[in-house]
Amino acid sequence: MFILNHLWIILALPLAGSMLTLLAGRHWPQKYVNLSSVGFVVLAFLSYCELAREFFSLTAAHIPLPPADYFTWMTAGNFRVDFALQVDQLTIVMLGVVTFVGMLIHIYSVGYMAHEEGYYRFFAEMNLFMFFMLTLVMASNLVLLFVGWEGVGLCSYLLISFFFQKKSAADAGKKAFITTRIGDFGFTIGILMAFWTFGSIDYKTMFAAAANMPVEGMHQWGVLTSICLLLLAGAVGKSAQLPLYVWLPDAMEGPTPVSALIHAATMVTAGVYMVARMNVLFSHAPAAMLAVAIIGGATALYAATIGLAQNDIKKVLAYSTISQLGYMFLACGVGAYAAGIFHLMTHAFFKALLFLAAGSVIHAMGGQQDMQYMGGLRKKIPWTFGTMLVATLAISGAPLFAGFFSKDEILFDAYAGANANPILYGVGLFAALLTACYMFRLIFLTFYGKPRYDEHHVHVHESPKVMLVPLVILAILSVIGGWFVLPTYWGGKDYFKGFLDPVFSGSTELAAKLHPSWTEPPHSLELTMAAIAVGVAFVGFLIAWYLYIRKPALPKKLANASGPVYTLLLNKYYVDELYGAVIIRPLIWISRNVLWKVIDVGLIDGTVNGVAFLSRESGNGLRRMQSGNTRSYAAWVIVGAVAVTVFFVWMVR
Amino acid sequence: MAGHNYLLTVLTFFPLAGAFTLLLLSGDDHVWIRRFTLFASVIEFIMSLFLLRGFSLADGGYQFEEFYDWIPSLHIHYHMGVDGISLFLILLTTFLTPLAILCSWNSIHEHVKEFFAMLLVLEMGMVGVFCALDLFLFFVFWEVMLIPMYFLIGVWGHGRKVYAALKFILYTMFGSILMLVGILWLFHLSGVAGNPTFDLPAIVSMLHNGQISLPWHSELLLFLAFILAFAIKVPVFPLHTWLPDAHTEAPTAGSVILAGVLLKMGTYGMLRFCLPLFPEASHRAAPVIATLAIIGIIYAALVAMVQTNLKRLVAYTSVSHLGFVVLGIFVFNPTAMEGAIYQMLNHGVSTGMLFLVCGMIYDRRHTYEFSELGGLAKPMPVLCAFFLFACLSSLALPMLNGFIGEFMILIGTFEHHAAWAIWAATGAILSAVYLLWAYQRTALEKVTVAKNENLPDASPRERLILITASIVIVFMGVASPLFTHRMDATTNALLQQVGDRTGYAARHVAPQAAQPTQHELALHSVKFERRAQP
């Protein structure tokens, strides 16, 4: 029970790696940097393995474990925040995803970043990211979660603007931080309100109090609905959902491993984790649940349509990430928290793989990211192609691949769960079609057809082993990562859901109670639904195949024929431009031309300087009275005498 | 508390002794002038740490008290003491002064001896202000402190330094005069009550037990006289326009002290004088003051965002951050109040560090204009890393100091006035906007000005300054209870004094009405006669 009694070790390892690398790594050879940063992350993963072993050896009576309270971080008045960590089933899943995928990406980066300037800085920041992400998932209160939440935002800022000499990279980093901060504004207010309501920000107290509160009506928003909607605002920012998703595509300015680790596998899933963690609150606030589901469904569809028209290989993956996160939100919104976390996990595998493979493609192409200048790479980089194909099959929902199970479960719950919503099910199903379509478009454009690059200049080469090994491991997981639920197809037990049940049981029971007419759907329905989902995905694949393999000339014609629609998609619905024109530029204009130049300098300072000017001038005037001229003094005496007389007359009257 | 009896006097006048000793040195011996000043200020800092050792957590009143007659004929006493509010402000002062001295090491070339002597005299004034418990004594320190600051800006500043110095002193003097009138009025009232004194605790207790009766309109006028002086000092919107000028033109050490300590005197004054002396007026004025504070938070943040001059930008951020402090004071909630005190310290260290970085950039390039900067992270990675760190502290990143204060203020405010907290919280978005944008325009992208390509990175001396500040920032961000526990007793005592919303007027005038004092009788008869005349 060593790690279980010393949870801080898991946090301390990446932090130590980060600090060591940051402070000492500048003049080190890369070997030492690898040792300190990758080494510490491997250690963190190993201690996680030990933690998981210890956790599984516990009997059910011991869970939930009491949080490990290390020190009081803030206290004033009746407000108090402890630096306290906890482990439960949900944390075990999240920790596994973070440490394992994180470790693979660190290893991969050794190869990918080998020729970049600032090697040590990259790894120090990646380690720091691991530290904050682990804090986020292990926190036992909302404020500590917020620490990790903001911390990963910081690391994201640092890593997106890693190539800080590029203006676009610096802009993208800033945009990511500020956009998520807008969401965090809501999150902060949510925490304030939670403290105001429950008198504590500890999960345990909060959840116990919320569980005893009445469920709020769909049309009568109470305090729980408000808290949930505010927290949701934070999740929308961090997990890049509508309308705050705009930072994520730009975040592709960062090095590719960053995109894989932060903007696909871990950080962006923080929003989903938070909603799942707060499931007790959300299940008491149906209106907030519906909002989560609608935002998720809408984002899944919206981002998928943009993904259809992007030419940058990483941008396609970015929009696909947004879309898949939408699925996870959809799952949480219909109360299928376990399904959402399940998809979070499988998505971490195949999306990390997709990004790393894309990185390998970019590496092979010497930095080229535009798919219009790729093509026919299948034979030249077979390992990359093979693994990327596996990931594509997984994300498209091909049977038996990881994504198939998790996506299927989400769609199934959206259709037949207690909070079922047929419209959102339809949206999700259509998004699944689009997913298969744009993912296979990516595969076909990149790996099939004739090379569209200059073969004399670009020497396509397979990546080194240190990059390929993580790809292969992730490819294996993208296949088998979903087999936990395999038994359900012959009527068996869903191991994943069963494992997480202690965390979510309160909410699922409540949902069943709220919908008394709802009954467990028959097993046959599950098989039917799976068949429909596969069929739809296959249609998506066929469309891509027809357009990009069968009739490669057709997409251009189609784009020309559809004119404005295509332009709209290519330019991402002009949302960035809209935000710029409606919010950012007016705000800057008003700040500069009204607040600063008119009010501050003109009005306030003008008044102050005006008073100074007046007093100086009146002083000048008064000085002239003291002229030394007797006659003028006599005149003043008379004026004074008259004034005094008038005053007395007026008083006596 | 034997053995600590003279600690406050020593702490206050040790820098003055240092300044006098400095005058004995030859004016050309710059090396020893600097070394001696630094030595003196470090000794001062170490001595101030003794305050922590003797400070009792349970005592909400004044500690290390010293009480002597000073000018007996005028009932003026030499009364010093610290409590949970002033304790850390003194430490902040003694901590920032050595940093300010270190950062001026190579950037002052004229009148070096006078410069460092001024810094030490300034330190005396600041420590004195935080220790003084006699209104007259307080006023003396308050004014004494202005003089060295005036010279620091006016002599060693740059650009329109005389204009800035004059503006600074006139603005502050305007407030001081009103405060002096207020102080004399209070003295007069205590005399009427039969116990003439300038002693703050004595006057507070006389007000509370009804010995001094204060009609509501008098209380309001007195409150206004004090709050105006302090609001100018903070500065509260719209009294802030002296600040950008003073900061921009001041030498780095001046800016560090100005932002780090002098601004806190305004908020300190509110806590020390306005709240306990005039609780009802404080309560009634709170909505107005809080509104101004919130306007200040948002307005100054927006104005800061569009500045073209790095130092002026940092100056405006002070107005925004101090808005949080003022808000925290005027919600009368223990969490918010401790947050406000904590935020004073945070702002001192974080903004102090931002100004230090500005100064280091200025030492190299002699400009603060963004158009002349850009891409500095390439030639100066270490300096820019510290710059970013200071920005993160200032934009309230959790685990750094700024977050704790801001969050406590918001938590406390939300309990009573949710809308205020929500408006104030927008400041957190805006601070990210202006600081990250400022950082980008200074440090990121390509170097556009050829002069910037080969600038030297931070020197060991500069690293020492920045590392020291950074350690404090992290420490305060992680170990806040070590600080807030020492504030608990005092904030509780203060809130008990202020907490009761019924002020003196309601509590004491009613029984007093039966037995009006001589003074009131006289006033009444005058009024009566005047009314009777026509």
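Chain A has 26 helices and 2 strands, where helices (H or I, at least four residues) and strands (E, at least two) are DSSP runs numbered from the N terminus. This is a predicted model, in which local features need pLDDT of at least 70, side-chain atom pairs count only at pLDDT 80 or more, and totals for chains, interfaces and linings use all residues. Residues are numbered from 1 along each chain as its sequence is written, while chains are lettered from A and ligands numbered from 1 in the order in which they are written.

Let's stay with chain A for a moment. Its C-alpha trace spans about 115 × 65 × 55 Å along its principal axes. Of its 653 residues, 55% are buried; that label needs 20 or more other C-beta atoms within 10 Å of the residue's own, with exposed meaning 12 or fewer, partly exposed in between, and C-beta atoms placed from the backbone. If you look at contacts (C-beta atoms, placed from the backbone, within 7 Å), 80% of those in chain A with a separation of 6 or more are between residues 24 or more positions apart.

Chain B has 20 helices and 2 strands, and its C-alpha trace spans about 85 × 55 × 50 Å along the principal axes. Here 59% of the 534 residues are buried.

Chain B averages a pLDDT of 87, with 93% of the residues scoring at least 70; pLDDT is the predictor's confidence in each residue, from 0 to 100. Watch residues 500-534 of chain B, though: the pLDDT there is below 50, and the stretch has 25 contacts in the model beyond near neighbours in sequence.

Now for the place where the chains meet. In all, 39 residues of chain A are in contact with 44 residues of chain B. On the chain A side, β1 (68-76), α6 (142-160), α7 (167-198) and α25 (575-625) each supply at least two residues, and α7(A) gives the largest share, 13 residues. That side divides into 23 nonpolar, 9 polar and 7 charged residues, counting Ala, Val, Leu, Ile, Met, Phe, Trp, Tyr, Cys and Pro as nonpolar, Asp, Glu, Lys and Arg as charged, and the others, Gly among them, as polar.

Next, the interior. A nonpolar core is a set of buried Ala, Val, Leu, Ile, Met, Phe, Trp, Tyr and Cys residues joined through C-beta atoms within 7 Å. The largest one holds 440 residues, and Ala352(A), Leu353(A), Leu327(B), Leu356(B) and Val357(B) touch the most other members. Helix α16 of chain A (residues 337-364) supplies the largest share of this core, 19 residues. Beyond its neighbours within four places in sequence, Ala352(A) is in contact with Val101(A), Ile105(A), Ala260(A), Ala264(A), Ala265(A) and Leu474(A).

Helix α2 (residues 8-24) has 17 residues and reaches 23 Å from its first C-alpha to its last, close to the 24 Å expected; the expected span is 1.5 Å times one less than the number of residues. Its buried residues, including Ile10(A), Leu13(A) and Gly17(A), pack against α3 (30-57) and α5 (119-138) of chain A. Helix α22 (residues 523-550) has 28 residues that should span 40 Å, and its end C-alpha atoms are 39 Å apart, which agrees. Among its buried residues are Met529(A), Gly540(A) and Tyr548(A), and the buried set packs against α17 (382-396), α18 (402-416), α19 (422-447) and α23 (554-562) of chain A.

Finally, some backbone details. The loop between α8 (216-233) and α9 (242-249) of chain B holds Pro235(B), joined to Val234(B) by a cis peptide bond with omega about -10 degrees. Pro238(B) lies in the loop between α8 and α9 as well, and the peptide bond from Phe237(B) to Pro238(B) is cis, with omega near 0 degrees. Leu400(A), not a glycine, has a positive phi of about 75 degrees; its place is the loop between α17 and α18 of chain A, and it counts as partly exposed because 14 other C-beta atoms lie within 10 Å. Phe64(B), in strand β1 (residues 63-71) of chain B, also has a positive phi, about 55 degrees, but Phe64(B) is buried, with 22 other C-beta atoms within 10 Å.

Definitions and conventions
Contact = placed C-beta atoms within 7 Å.
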